[in-house]
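Hi,

Here's the structure I promised to send over. Have a look at it first, then read on for what turned up.

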Amino acid sequence: MDPKDSRFSTQISHLALDIGGTLIKLVYFSPNGDNCEDGSIVVGNNGCSVVQGRLCFAKFETRKIDDCLDFIRLNILQHSGVQHARDKFSVKATGGGAFKFADLFKEKLGIVFDKEDEMHSLVCGVNFLLKTVPREAFTYLDGQKEFVQIDHNDLYPYLLVNIGSGVSMIKVDGDGKYERISGTSLGGGTFLGLGKLLTKCKSFDELLELSHQGNNRVIDMLVGDIYGGTDYSKIGLSSTAIASSFGKAISDGKELEDYQPEDVARSLLRMISNNIGQIAYLNALRFGLKRIFFGGFFIRGLEYTMDTISVAVHFWSRGEAKAMFLRHEGFLGALGAFTSYKDQSHSTDLKPHHHTVERAVVKCSDDDSFRHIPVTANVNDGEAIECSINLV
Ligand SMILES: Nc1ncnc2c1ncn2[C@@H]1O[C@H](COP(=O)(O)OP(=O)(O)O)[C@@H](O)[C@H]1O
Ligand SMILES: CC(C)(COP(=O)(O)O)[C@@H](O)C(=O)NCCC(=O)O
C-alpha cells in the first residue's frame with residue numbers, strides 16, 4: 001500500500017486528548033515511530049490494513065494550551081498536509097477541557113471534539129494497559145519494585161485511584177462496569193499550588209527536586225515529639241510516625257522564611273501522598289477490594305511518593321491490600337479515549353479511521369525503572385508502546 005494513501009495518514013487519524021485541570025495529555029499513533037514516513041502495512045484477508053507502529057505520548061501544561069495547539073498543527077495537521085482541518089477532523093477528547101476548550105480547538109485548528117466521559121476513559125485506559133501491555137503494573141515497597149503478573153481472568157474488582165489535580169476513586173468491576181465511589185480535592189493540584197506558594201518554586205519539577213533534598217521531620221510533628229521520644233505502641237504508632245503534618249510549625253516560633261524550602265516541599269509531598277493512601281485504603285475497605293491501582297501525573301514514577309502511598313496502604317490494611325502503580329500512569333484517560341475509536345465508524349478521510357489496537361508491547365529493561373528527578377521533555381514523556389492497529 002502506498003504510504004501516501006489517505007488510510008495511511010495515521011498521524012492525523014489516530015490522536016486522542018485528555019485535557020485536565022493542570023495538564024493536557026496526547027496519545028497518537030505513529031507508524032514505526034515518531035514522524036516515520038514508511039510504516040509497515042499488511043493488508044489482511046478481510047480487507048483490514050494492519051499498521052505497525054507506536055503509540056506515542058506527549059503532555060503540555062493546560063495553562064500553556066497554545067503550545068499544544070502548535071504541536072498538533074505542526075506535527076499532526078501539517079504532517080498530513082493540512083493547514084486547518086475545517087471542521088472535518090474529529091478527535092476523541094476527554095477531561096474537563098474537552099468541554100472548556102472545544103470552541104478554541106475548532107476555531108484554531110478546525111478540530112471538533114468527539115467527547116468521551118472522563119471516568120469511562122480512565123477505566124478503559126487502565127483495562128487496556130493491564131490486558132495488553134506486559135509489565136505495566138508494579139508494586140513499590142521498601143525500595144523494591146516488583147512487576148505484577150496480571151491474570152486476565154482475575155482482574156476485577158479493583159480500585160482505581162487517579163491522582164490528577166484532584167483525586168477520583170473508582171471501583172472497577174469489569175469492562176465498562178465501574179462506579180466512582182469517592183474522591184478528594186487534596187490532590188496533585190494541592191501539592192503544586194501550595195508548594196508554589198510556600199517555596200516560591202516555579203514548576204512541578206522544581207518542587208519535586210526540592211522535596212528530594214528535604215527532610216520532613218524538620219516540620220512534621222512526630223509521635224516521638226509528643227511522647228518524649230518513645231513509641232505509642234499500645235495503638236501501634238512508632239515514635240517516627242507522623243503525628244501531625246506541619247505540626248512543628250505551631251511551636252517552633254519560626255516564620256516561613258526560617259524553614260528550608262526543601263523541608264517544606266518534603267512535608268507537603270508526604271502529607272498529600274499519605275492522605276491519599278489512607279483514603280484509598282478506607283474506600284478499598286468499604287467494598288472489600290484488595291487491589292488498588294494508582295494513576296495520574298502526580299505520581300510521576302517518583303520513589304518517595306510511591307513508597308509513601310504503599311506504606312500508608314500497607315500500614316492501614318495491615319498488609320491485606322496492595323498498592324500498585326502503572327508505567328503509563330499519566331496517560332490513562334488519553335489512552336482510554338484513544339481505544340474508544342473502535343466503537344465508531346466514519347466517513348470522510350479526515351475523520352479518524354475506525355481502528356482497534358491489535359497488540360501492544362512495551363520494551364523495558366530492568367534498569368530503566370524510575371526517574372528520581374523526572375524528565376522535563378514534553379514529547380514522548382511516557383514510554384512509547386509498540387503496537388499494530390487495524391484500519392478498516
Ligand atoms: N510537568 C508538570 N507540570 C505540572 N504538574 C505536573 C507536572 N508533572 C506532574 N504534575 C502533577 O500532576 C498533576 C496533574 O496530573 P494529571 O493526571 O495530568 O491531572 P489533570 O488531568 O487534572 O491535569 C499536577 O497537579 C501536578 O501535581
Ligand atoms: C473533578 C475531577 C474529576 C477532574 O479531574 P482532574 O482534572 O483533576 O484529573 C477531579 O479533580 C476530582 O475528582 N476532584 C475531587 C472532587 C471531590 O471528590 O471532592
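Of the chain's 392 residues, 44% count as buried. Keep in mind that this is a predicted model. The chain has eleven helices and 17 strands. If you take the contacts between residues at least 6 apart in sequence, 70% of them join residues at least 24 apart.

Now for the inside. In soluble globular proteins, nonpolar side chains tend to be buried together. Here, the largest nonpolar core has 91 residues. Val27, Leu160, Val161 and Ile292 are the ones with the most contacts inside this core. Which helix gives the most to it? That's helix H9 (residues 261-287), with ten residues. And where does this core lie? Domain 1 (6-119 + 330-391) and domain 2 (137-186 + 272-326) both give residues to it, so the core lies between them.

Is Gly110 buried or partly exposed? A residue needs 20 or more other C-beta atoms within 10 Å to count as buried, and 12 or fewer to count as exposed. Gly110 has 17, so it is partly exposed.

Definitions and conventions
Residues numbered from 1 in each chain as written. Chains lettered and ligands numbered in written order. Predicted model: local features only at pLDDT ≥ 70, side-chain atom pairs only at ≥ 80, totals over all residues. Core = buried A, V, L, I, M, F, W, Y, C linked by C-beta atoms within 7 Å. Helix = DSSP H or I, 4+ residues; strand = E, 2+ residues; numbered from the N terminus. Domains from an automatic or database assignment. Contact = placed C-beta atoms within 7 Å.
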